[in-house]
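Please read the following report alongside the sequence and the 3D structure.

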Amino acid sequence: MTTVWILGDQLTLENAALAGCDPGNTRVLLIESRARAVHRRHHRRKLVLVYAAMRHFAADLQEAGWTVDYQRLDQTPVFGDALRRHVRAFRTERLRILEPSDFATRHALPQWARDVGVVLDVVPNNLFLVGRDEFRDWAGASRRLRMEHHYRRVRSRLGVLMESDGSPAGGTWNLDSENRRTVSEWRRDGCPRPPAAPPMTPDPVTREVIEMVDREFPDHPGRAEGFDLPVDRAASLRWLDHFLDHRLPKFGPYEDLMLSEDPVLFHSRLTPMLNLGLLRPLECVQAAERRYREGRAPLASVEGFVRQIVGWREFIHGVYWLRGPDYLASNALDARRPLPRWFWTGDTPMNCLAQCLRQVLDTGYNHHIQRLMVLGNFLLLAGVRPDEALDWFNELYVDAHDWVMAANVVGMALHADGGFMATKPYAAGGAYIARMSDYCRGCRFRPTERSGPGACPFTLLYWDFIARHAARFASNPRMAAIVRSWTHRSESDRRSVLDGAARVLETLL
Ligand SMILES: Cc1cc2nc3c(=O)[nH]c(=O)nc-3n(C[C@H](O)[C@H](O)[C@H](O)COP(=O)(O)OP(=O)(O)OC[C@H]3O[C@@H](n4cnc5c(N)ncnc54)[C@H](O)[C@@H]3O)c2cc1C
Ligand code: SF4
């Protein structure tokens with residue numbers, strides 16, 4: 001008897017471990033492991049998402065003719081015990097599994113298989129567009145990687161947004177410059193808003209999971225109640241269509257905008273489903289491309305969306321496997337400050353942070369610019385330890401997985417890899433947040449003030465960060481001018497900014 005073990009982030013009938021197996025001689029195993037649920041204090045909505053999606057996927061498997069052994073949370077303290085029970089009950093000789101997406105599970109597999117006496121087949125992971133070996137071959141021994149090079153190569157290989165002569169659609173690879181509309185431009189455009197996403201009323205299976213999660217994990221952040229995401233393939237496809245029809249056309253121009261009243265705006269909220277396998281990356285970008293070819297969405301938006309998935313998502317995944325576990329411990333900027341306690345409550349007078357924190361504590365979601373340019377930016381400027389930041393991001397987000405967090409937090413947000421994947425740190429002062437959001441209007445600080453009690457903490461911390469790392473960044477072509485503008489200021493001006501930053505660090509952290 002063969003067993004195909006499917007992990008909670010591999011929920012697709014196209015899972016390559018199923019391919020070639022005979023449903024008559026194969027059992028499919030799914031395990032809800034309690035140890036896995038509590039090794040971090042995951043947001044409750046993340047737990048609901050994963051268990052509800054696994055339970056719905058078990059039903060899809062049965063409908064497709066597979067026999068399923070589904071081990072629920074109350075039976076399974078750890079993976080190893082559940083596996084042993086399964087192997088004994090069904091006399092499994094061979095265990096097939098798709099390559100797990102994280103190092104820890106990948107490394108534990110051979111020992112688990114030996115412990116229960118089965119032959120192990122680890123099948124290459126087919127949930128990404130770029131295989132781990134392909135990425136490694138492309139990266140070679142480079143000391144720095146650039147996403148743009150990876151993006152163009154993969155887009156050409158896949159033929160996404162490409163013309164028949166091999167040139168990119170519209171004659172250009174990159175329409176980023178059209179995709180940075182500010183809050184004043186949004187107001188000038190008449191304050192466009194997308195229609196609400198289709199309501200996802202939980203069915204009895206999901207309701208049972210919501211009650212279980214609230215009962216079993218009372219000390220985890222967030223509320224399970226109010227959960228509104230799709231948990232099966234059919235609903236995920238409807239959600240994707242709704243995004244493509246109603247939000248994609250303006251996704252590009254307003255990608256970087258942040259509003260207090262509408263935290264999602266034109267973003268897709270597809271990651272929860274994409275990262276579990278309910279949606280496939282290629283089908284998402286091909287469906288977006290069809291909207292462009294049919295004249296239903298502009299190229300700038302479609303290219304922006306394709307860039308996120310073919311470019312960033314695959315690049316981030318590649319870097320995780322390329323750099324290995326040591327990458328997680330990177331701390332090139334020697335950041336030592338502990339994570340502020342108010343990251344767990346949102347209780348801070350800085351309105352931009354309070355808005356983003358309250359949203360994620362409540363729903364498990366922020367869009368990319370909130371994660372990068374508000375939360376990540378603050379942690380970078382304040383010099384918070386990357387390992388503590390990584391744990392926090394991992395616990396709070398419904399779409400968090402080890403592979404996606406590593407390069408996003410360590411590399412992109414905190415520059416802790418010393419610039420391996422970004423030519424300069426994503427650091428900005430209050431002026432950027434004021435330009436791209438409506439947060440500053442409701443804040444007791446003022447983004448343009450550099451001294452006195454109204455001075456914006458982001459602006460003070462930005463210059464403090466530049467001063468702290470001036471020696472490192474003076475030779476960086478994209479940072480040198482900023483460093484010079486700092487060193488050319490008068491001594492008293494610099495002193496006043498640094499004193500202000502010290503006060504911020506003392507009183508607000
Ligand atoms: C500090 C930090 C933490 C992050 N944490 C996560 C995380 O836990 N899980 C996660 O999936 N992404 C994470 N990201 C990447 C990105 O912010 C999210 O994928 C995106 O915000 C999810 O929202 P969305 O589905 O509405 O995305 P959209 O803005 O609609 O983008 C479309 C899709 O592009 C992909 N994408 C875009 N940017 C990235 C990226 N940098 N890395 C990977 N995929 C990307 C996602 O699949 C996303 O669904 C993080 C980024 C930063 C800077
Ligand atoms: S003034 Fe500064 S702290 Fe306040 S919301 Fe704006 S950027 Fe954030």
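## Salt bridges

A salt bridge is counted here when a side-chain nitrogen of Lys or Arg lies within 4 Å of a carboxyl oxygen of Asp or Glu, and by that rule the structure holds 42 salt bridges. This is a predicted model, in which local features need pLDDT of at least 70 and side-chain atom pairs count only at pLDDT 80 or more, while totals for chains, interfaces and linings use all residues. Residues are numbered from 1 along each chain as its sequence is written, chains are lettered from A and ligands numbered from 1 in the order in which they are written, and side-chain values use heavy atoms, with hydrogens and water left out.

One of the salt bridges joins Arg 152 to Glu 148, with 3.0 Å between the closest N and O atoms. Both residues belong to helix 6 (residues 147-158), where Arg 152 and Glu 148 are four residues apart, about one turn of the helix; helices are DSSP runs (H or I, at least four residues), numbered from the N terminus.

## Domains and their interface

The protein is divided into domain 1 (2-123), domain 2 (132-223 + 230-320) and domain 3 (341-508), with bounds that come from an automatic or database domain assignment. The centres of domain 2 and domain 3, taken over C-alpha atoms, are separated by 24 Å. Between these two domains, 34 residues of domain 2 are in contact with 35 residues of domain 3, contact meaning heavy atoms within 4.5 Å. Domain 2 and domain 3 bury about 3100 Å² between them, and carbon and sulfur atoms give 62% of that area; buried area is the accessible area (1.4 Å probe) that two parts lose on being put together, summed over both. On the side of domain 2, Met 258, Ile 316 and Tyr 320 lose the most area to domain 3, together 23% of what that side buries.

Across this interface of domain 2 and domain 3 the rule finds one salt bridge. Elsewhere in the list of pairs, the side chains of Arg 223 and Asp 362 meet in a salt bridge, at 3.6 Å from N to O.

## Around ligand 1

Of the 29 residues around ligand 1 (a heavy atom within 4 Å), those that come nearest are His 267, Ser 268, Arg 269, Tyr 365 and Met 405. An oxygen atom of ligand 1 lies 2.6 Å from a side-chain N or O atom of Ser 268, and a polar side-chain atom of Tyr 365 is 2.6 Å from an oxygen atom of the ligand.

Notes: A polar contact is a pair of N or O atoms within 3.5 Å; within protein, one must be able to donate a hydrogen and the other to accept it, and residues adjacent in sequence count only if both atoms are side-chain atoms. Helices (H or I, at least four residues) and strands (E, at least two) are DSSP runs, numbered from the N terminus.
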